[in-house]
Amino acid sequence: MMKGARQRAPPPVKGEPPQKGGGGGDEEGGVALKKEIGLLSACGVIVGNIIGSGIFVSPRGVLEQTGSVGLSLLVWGGAGVVTAGGALCYAELGLAVPRPGGDYAYVLEAFGGLVGFLRLWLLVLVIFPTTQAVIALTFASYLLHPFIPAPCHSPDPALDPALRLLAAACVVLLTGLNWASVAGATRLQDACAAAKLGAIGLVIVTGLVRIAQGEHFWLAPSQAFSGETGGAWPGVGPLALAFLQGSFAYGGWNFLNYLTDELIDPPRNLPRAIFISLPLVTVVYVLANVAYVTAMSPQELLESPAVALTFGEKALGRALAWVMPLGVALATFGGVNGSLFTCSRLFYAGAREGQLPTLLAMIHLERRTPGPALLVTCVSTLLMLGAGDVTALVSYVGFVNHLWYGVAVAALLVLRRRDPHRPRPFRVRHSPLFPRHALVF
């Protein structure tokens, strides 16, 4: 057994708040995770996990489905509003069910052990490891781009071992950091969130400068809803696919709910972090897409394998084109860190509920980090990196993951009806209509 580690005391009875342990002190012979995540770090967790490589690499998917620049911008904004609605539902759930584990804890509370077990094992065996593997590979690809341009555009099979080794090194390094210090991991997350916002900020500022210079042909109303991409009404099916692809780009909005045991003053900071982060990300996403079409026509955007790189080459010139791959590398590095941080807490929560081996509920006595859970998370991700085409698997499980978000929102309605007197420090307004809209979407 690892030195300096001790198993935490048994979890609280369902429906009751956890025992007060101060800022991470001992709990009746056990030891708790430290409460070290303040409001700024909470915003960093949300922003850092949402903003990954997607906004830099593939906004073309939404444009391809909508058929016009104007409608694609509306979809980006609409997807942000819907995501914010789901996040507010999760804020109520996170405070009504004050246990770590995120949506796993909520469906377990509302629907029982079998449904919770299915959600837990889908997350720990498939979704988190494959997602982390893909993000790590993207990090490796863009980190190498200034030296070997091929990986970002048309991966060279000869470079594949190098990419996977660099991705594996990224995972191992970040696992070590998360094992060593919660504060160090959250500071890195804050720094990566700031860096990726800086990279997107450069895109936005460059776009605004180009608009001021008159480079806004595709933003004029006569062209925004027509032009090279056709402009006809795409139909309900393509529009739904556009919303789904836009929603995927907002993935990670629920990660703070996995960390409620380490969040300082959750009733205050959980809703505030959501109110700050989701509008910020939505505005950033819309403005970034506006900036892209100041340097590229819709057809060029659709043909670009990596939109941010094409934008950098066209708008910034070769002297500063290296900034974009560096921005994507920082974004994905922070994405791997945030995903490891969150996934290890899910292992920990599942072990406390008795649905994973008890070893995974052990935390380091001094560092207050879930070492065994981090180690298993690292190993599962490395196994995925050694597998074949993990990106195809992520595409398949992404839709299933969104269905489970709906199950979690349904859990909110079930808990309201079954236990109306349960303490809820935060409640979604316009109840129950608002959660039902989120569930239908």
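This is a predicted model: local features need pLDDT of at least 70, side-chain atom pairs count only at pLDDT 80 or more; totals for chains, interfaces and linings use all residues.
View 1. Helices (DSSP H or I, at least four residues) and strands (E, at least two) are numbered from the N terminus. Of the 441 residues, 55% are buried, meaning under 20% relative accessible area, while exposed is over 50% and partly exposed is in between (1.4 Å probe, protein chains only). Residue numbers start from 1 along each chain as its sequence is written. Local features need pLDDT of at least 70 and side-chain atom pairs 80 or more, while totals for chains, interfaces and linings use all residues, and side-chain values use heavy atoms, without hydrogens or water.

**View 2. E109 and its partner R99.** Look for E109 in helix α5, residues 103-111. E109 is buried, at 9% relative accessible area. Its side chain makes a polar contact of 3.3 Å with the side chain of R99. That term covers N or O pairs within 3.5 Å; within protein, one atom must be able to donate a hydrogen and the other to accept it, and residues adjacent in sequence count only if both atoms are side-chain atoms.

**View 3. The largest cavity, about 70 Å³.** What lines this space? The lining is P59, V62, L63, V69, S72, L73, W76, N289, V293 and L301. Two or more of the lining residues come from each of α3 (60-66), α4 (69-96) and α12 (266-295), with α4 giving the largest share, four residues. Eight are nonpolar, two are polar and none is charged; here Ala, Val, Leu, Ile, Met, Phe, Trp, Tyr, Cys and Pro count as nonpolar, Asp, Glu, Lys and Arg as charged, and the others, Gly among them, as polar. A cavity is a set of points on a 1 Å grid over the protein atoms alone where a 1.4 Å probe fits but cannot get out, and lining residues have an atom within 4 Å of a point.

**View 4. D265, a residue other than glycine with a positive phi.** Most residues other than glycine have a negative phi. Phi of D265 is near 50°. D265 sits in the loop between α11 (236-249) and α12, and is partly exposed at 37% relative accessible area.

**View 5. R368, not a glycine, with phi at about 60°.** Is R368 buried or exposed? R368 counts as buried, with 13% relative accessibility. Its loop runs between β4 (362-364) and α16 (371-385).

Note on methods
On a 1 Å grid over the protein atoms alone, a cavity is a set of points where a 1.4 Å probe fits but cannot get out, and a pocket is an open set with protein on both sides within 12 Å along at least five of seven lines; lining residues have an atom within 4 Å of a point. Grid points are joined across faces, edges and corners, and a volume is the space filled by probe spheres set on the points.
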